[in-house]
Amino acid sequence: AVIRRSDYRVPDWLVPDVTLDFDLDPALTTVRAKLAVARNGGHDRPLRLDGDGLVPLEVKVDGRSLTQAEWHLEAGALILPLPGAAHEVETLVELAPERNSKLMGLYASGGLLCTQCEAEGFRRITFFPDRPDILSRYSVRMAADKACFPILLANGDPVEQGDGEDGRHWAIWNDPYPKPCYLFALVAGDLSCNRDRFVTMSGRDVQLGIWVKDADLPRTTHAMEALKNSMAWDERVYGREYDLNVFNIVAVADFNFGAMENKGLNIFNSRYILADPDTATDIDYDGVEGVVAHEYFHNWSGNRVTCRDWFQLSLKEGFTVFRDQNFSADMGSHAVKRIEDVRILRAGQFPEDSGPLAHPVRPESYMEISNFYTATIYNKGAELIRMMALMLGPERFHAGTDLYFDRHDGQAATCEDFVRAMEDGGNIDLTQFRLWYEQAGTPRVRALLSHDAATGRVNLVLSQIIPPTPGQPEKRPMAIPIRVALFDRESRANHGDETLMLTRSEQRFTFQNVATAPVLSINRGFSAPVIVDTNRSQADLAFLSAHDDDPFARYEAMQQLMVNVLVGQIGGQPVDESAVVDAVRQTLIDPALDSAFVAEAIRLPSEAYLGDQMPIVDPDAIHDARDALQHRIGAELEPLWRDMHARLRANSFSLSPAAKGARKLRNAALHYLVASGAADGPLTAFEQFDSADNMTERQAALGILANGESPERIAAVDIFYNRYCADALTLDKWFQTQAFALHPDTVDLVEKLGRHKDFTLNNPNRVRALYGAFSGNQWAFHHRSGKGYRLVADCILALDPINPQTAARLVPPLGRWKRFDAQRAALMQAQLQRILSQPGLSKDVMEQVRKSLD
Ligand code: ARG
Ligand code: ZN
């Protein structure tokens, strides 16, 4: 069944109040729900309460038990004809949390009981109109065995607790803020707490708690710092204050996504809470900070103002990603954060936008909403907010967000509501800009610069093409803000930074008083999520890679220089590799640059990104060309790498931006040193692996060794396993590093690792560590034998009955067959067909496979 945005209707019944009573047990939990329901408008339709796998043991209306003839089930939902305007409906159901392997609804994880309701998990807990535009006040009572589940948590504020019979105890929690059921949560378990407090700007004293297994307590300090920083940041930057007396976070080991913003009780995948230097990389630390902030920020962008329906998902996700990105930039480096975010967008969202699963930021239809928690909704959605912020400028943008929060507080809103608040609060017309929500596909902007020496005039002709996407063969021109600057070749001066609005298919912009032909810096700061084609020479790019004063544009010039060399070489064109080597050298010796930026700038584009630049991806040719260039950069600059690697060794561990930057650059130096082929390369890598006092350097060294062939490789893989096999999150890195390895035998190794005793399909992190990483390893996954495709298809088929959401996430890489040669395309399609022919396939996998074959 396809759900369409245009089919939206206001709810037939509202549910102002909910009382839930849980008798918790992993094997058999009972849930008694009392719903105050109120007819919404003058209709005579029955009450429909969604359910998924539920059987009502009791149904009461206004205290009277109904007979079986008075209700019926329809596609899992409970249908009750009700006579009056308002009633109390009571249901009783039984659940078996320990058998819930989908990790949606109430489930068991590592001895805990916890919930995940977004998007449609609440209907697996109790009968309820499971849609985000029904806001209810919740009171929750939970009882459980006190020895096994000493801690009982739910949304809102704790009200009362006590002991019961037979070693059981109970607690009551009340959430005063009306909320959609997808924000419901409870947790029961044996947990220890990192406690802290935060006093809000209006003086509310908030008790903060991060709840984990006792042994993990020392690994929660970074998350707590991030939480307090987030709370202060949202007050300072958006004027948003926390609104309850407690804020709890719980870490669980089995989780389908990163984390969940349940009101007052965020539940996290433990990988985004736990961090210490021995087991977490700097990227992991940043991930903890970013996700803690993201979920906290949802308290306003998501909870206080929620979504009317799931087509509006980007209303909360795009905006909240934008908020967490800016928070992280403020906590560290704006330049490096922007580079990282663009890299993520290009690696995840651009391919989605150019393939069979492309969809607008506000989709028109879906089969399974879980499949729409995508890079388009999240990351492209964030870019849309960023463009509006750029067009408005900071003051007017914040006038817009203030208006948005004021106007829609306590409501279920739409993307249109957000845009209108920007228009009204920021005094701008966004009529054409709205197309960004409607049209899928990454726009291609072509920029042609010409200079007339006689008149001193520069003409910049910008044109745009938005490629066809499924269901959208024709596109209208969009409103695209493009930041540009012109540089004088001699003086290196910038003639001035300007934001040009490209609104037509083709447009000409003129600049006066430019004596000599300037160098064009374009899409500075990545002002729009587009692909830019220019007529700039390699010399211009080299100039910008050394002199552009916008850090993103400088990085981008270097990347483009590298792409041109590699793609040219693969296409058999004569290229000058020395331009790349020189640009890398220039960047390395520029004293004005910080290490983290340098490490970003000198890194070669990934094999997948290079593939995206070619009409037909040739994974082997890409690998060989990139490998050769890496070798050349390594060899020609060997003394520099050697010196940097030695010089950047730290005496003691610190998480300061400077220390993180130094580690990043040191790892890059090691990478190139080993790529140079120097005889002592593997030994140097092993020495770093062995002596590092932090995971950033240890895992990088392991990864570098895993790419090659050496006795050190075998030793390091072994040592890492023995040292960390008892820690699930760190063992994930062991699987992931091997699955990522640019090694000719990776596909066989992954097959073997799939049978390893520590591999399990029941833990999504482990599945992603092995198969998720592998399917992102272009060279290995697209092994010409087709073995890689078969491995991933096998995994999807085995995982689907256990956890369809996580299984469906593995489909998109197989769906990119159109981008590959006929032989590979046929092998990929054959695996998609094989999946499709499996009887009893989930809706999740079905939707992704069908669309991928179209
Ligand atoms: N709202 C969560 C977040 O981004 C993600 C929840 C996704 N869960 C799901 N089952 N689709 O913060
Ligand atoms: Zn989110």
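These are my notebook entries on a predicted model, taken one region at a time.

**Entry 1: the ligand**

I began with ligand 1 and asked which residues come nearest to it. Out of 13 residues around ligand 1, the nearest are Glu118, Phe257, Met260, Ser370 and Tyr373. I then sorted the shell by class and got five nonpolar, four polar and four charged residues. Next I looked up which elements supply at least two residues of this shell. Strand S20 (259-260) does, and so does helix H2 (282-297).

**Entry 2: Glu118 again, this time for its backbone**

Is the peptide bond from glutamate 118 to alanine 119 cis or trans? The bond is cis, and omega is near 0°. I noted this down because most peptide bonds are trans. Alanine 119 sits in the loop that runs between S11 and strand S12 (136-145).

**Entry 3: the span at 100-183**

UniProt lists residues 100-183 as "domain: Aminopeptidase N-like N-terminal", from an unreviewed entry. I get 51% strand and 0% helix for this span, with 19 Å between the C-alpha atoms at its ends.

I looked at one pair more closely. S10 and strand S11 (residues 112-116) are joined by five bridges in the antiparallel sense. In that pair I found glycine 105 opposite glutamine 116 of S11.

One more backbone check here: aspartate 166 is not a glycine, yet its phi is positive, at about 55°. I flagged the value because most residues other than glycine have a negative phi. Aspartate 166 lies in the loop between strand S14 (157-163) and strand S15 (168-179).

**Entry 4: the span at 441-534**

For residues 441-534 UniProt has "domain: Peptidase M1 alanyl aminopeptidase Ig-like fold", again from an unreviewed entry. I find 52% strand and 0% helix over these residues, and the end C-alpha atoms are 20 Å apart.

I then took up a sheet of three strands. This sheet is open and antiparallel, in the order S28-S27-S30. Which strands stand at the edges? They are strand S28 (494-502) and strand S30 (519-522); each has a single partner strand, so one side of each has no neighbour in the sheet. Ignoring direction, neighbouring strands are turned by 25° against each other on average.

Strand S27 (residues 480-487) pairs with S30 over four bridges, in the antiparallel sense. I picked out phenylalanine 487, whose bridge partner in S30 is valine 519.

**Entry 5: the span at 539-853**

The UniProt name for residues 539-853 is "domain: Peptidase M1 alanyl aminopeptidase C-terminal", from an unreviewed entry. Here I read 70% helix and 0% strand.

I turned to helix pairs, starting with helix H8 (residues 538-547) and helix H10 (residues 578-589). Their axes come within 10 Å and cross at roughly 10°. H8 and H10 are therefore roughly parallel to each other, as angles under 35 degrees count that way. The crossing in which H8 passes H10 is right-handed.

H10 came up again with helix H13 (residues 619-636). At what angle do the axes of H10 and H13 cross? They cross at roughly 50° and come within 10 Å. H10 and H13 are therefore oblique to each other. I noted the crossing of H10 and H13 as right-handed.

Terms used
Residues numbered from 1 in each chain as written. Chains lettered and ligands numbered in written order. Predicted model: local features only at pLDDT ≥ 70, side-chain atom pairs only at ≥ 80, totals over all residues. Near = placed C-beta within 6 Å. Nonpolar A, V, L, I, M, F, W, Y, C, P; charged D, E, K, R; others polar. Pairing = 2+ DSSP bridges. UniProt positions renumbered as here; feature names shortened; annotations may be inferred. Axes fitted to C-alpha atoms, helices over the stretch in contact; angles between N-to-C directions. Parallel < 35°, antiparallel > 145°, perpendicular 65-115°, else oblique. Left-handed = near helix turned anticlockwise from the far one by under 90°.
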